Amino acid sequence: VERCVYCAGRGESFESIAVSLGTDWLQVFAANTQPAMAPIGVSALAWPMGGGADALREGTIIRLGTVYEVPGKTTVRSLASLFATSSEVLRGANPDIGNDQETVEEGSRVCVLASICDSQVAPDGSGLQDTA
C-alpha cells in the first residue's frame, strides 16, 4: 500500500477517516485538492455523491497528507513538532511507528498530516509552540 494513501470503505467520510487518525476532517479534505493516483479500474477521487462535501464512495482513494523523507535520525516528538502536529497523529498515519518507538531512522518515509488550522503553531511557522 502506498504511504499516505487511503481507500475509503463503505459509509466512510472525510470526518470519520480524520477521527480515526486523530486529526480534523479539514486536514484530510485539504490534502485532496488534486486527485490521488489510483490503481487501474479504481476511481481516483469520487467527490460528493449527494451526501455533502464529506461523502465518499466506497473504494475512493484519498491522500492523507504528504510523504516526508527523514533527512537524519530524529525523535518522533521532534518530527511531529516540525510539522505542527502531535506524536499521536504522526503514529496514527504511520502504523509502522510503534507507540514505544522514540526515534525515526534517516531515510524513513513518513506520512505527515501537518496541522493547517492549529492555534498552537508558533507565530513564525516553525512548529508547535512550547506550552510548558
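User: Which residues are buried in helix α1 (residues 14–21), and on which side of α1 do they lie?

Analyst: In this predicted model, the buried residues of α1 are Phe14, Ile17, Ala18 and Leu21. Around the axis they cover an arc of only 100°. The four therefore lie on the same side of α1.

User: Which exposed residues does the face of α1 turned away from its buried side carry?

Analyst: Exposed here requires over 50% relative accessible area. On the face of α1 turned away from the buried side, the exposed residues are Val19 and Ser20.

User: What covers the buried residues of α1?

Analyst: The cover includes two strands, β1 (5–7) and β2 (61–63). It also includes the helices α2 (25–30) and α4 (87–93).

User: How are the rings of Phe14 and Phe29 arranged as a pair?

Analyst: The count comes to three aromatic pairs. For Phe14 and Phe29, the ring centres are 5.2 Å apart and the planes stand at 85°. Planes over 60 degrees apart count as edge-to-face, so the Phe14–Phe29 pair is edge-to-face.

User: Which parts does the pair of Phe14 and Phe29 tie together, and how many residues apart are they in sequence?

Analyst: Phe14 belongs to helix α1 and Phe29 to helix α2, so the pair links parts of the chain that are 15 residues apart in sequence.

User: Is Phe29 buried, partly exposed or exposed?

Analyst: Phe14 has a relative accessible area of 0% and is buried. Phe29 has a relative accessible area of 26%, and the buried class ends under 20%. Phe29 is therefore partly exposed.

Notes
Residues numbered from 1 in each chain as written. Predicted model: local features only at pLDDT ≥ 70, side-chain atom pairs only at ≥ 80, totals over all residues. Heavy atoms only, no water. Buried < 20%, exposed > 50% of the residue type's maximum accessible area, 1.4 Å probe, protein only. Arc of directions from axis to C-beta. Contact = heavy atoms within 4.5 Å. Phe/Tyr/Trp six-rings, centres within 6.5 Å; stacked < 30°, edge-to-face > 60°.
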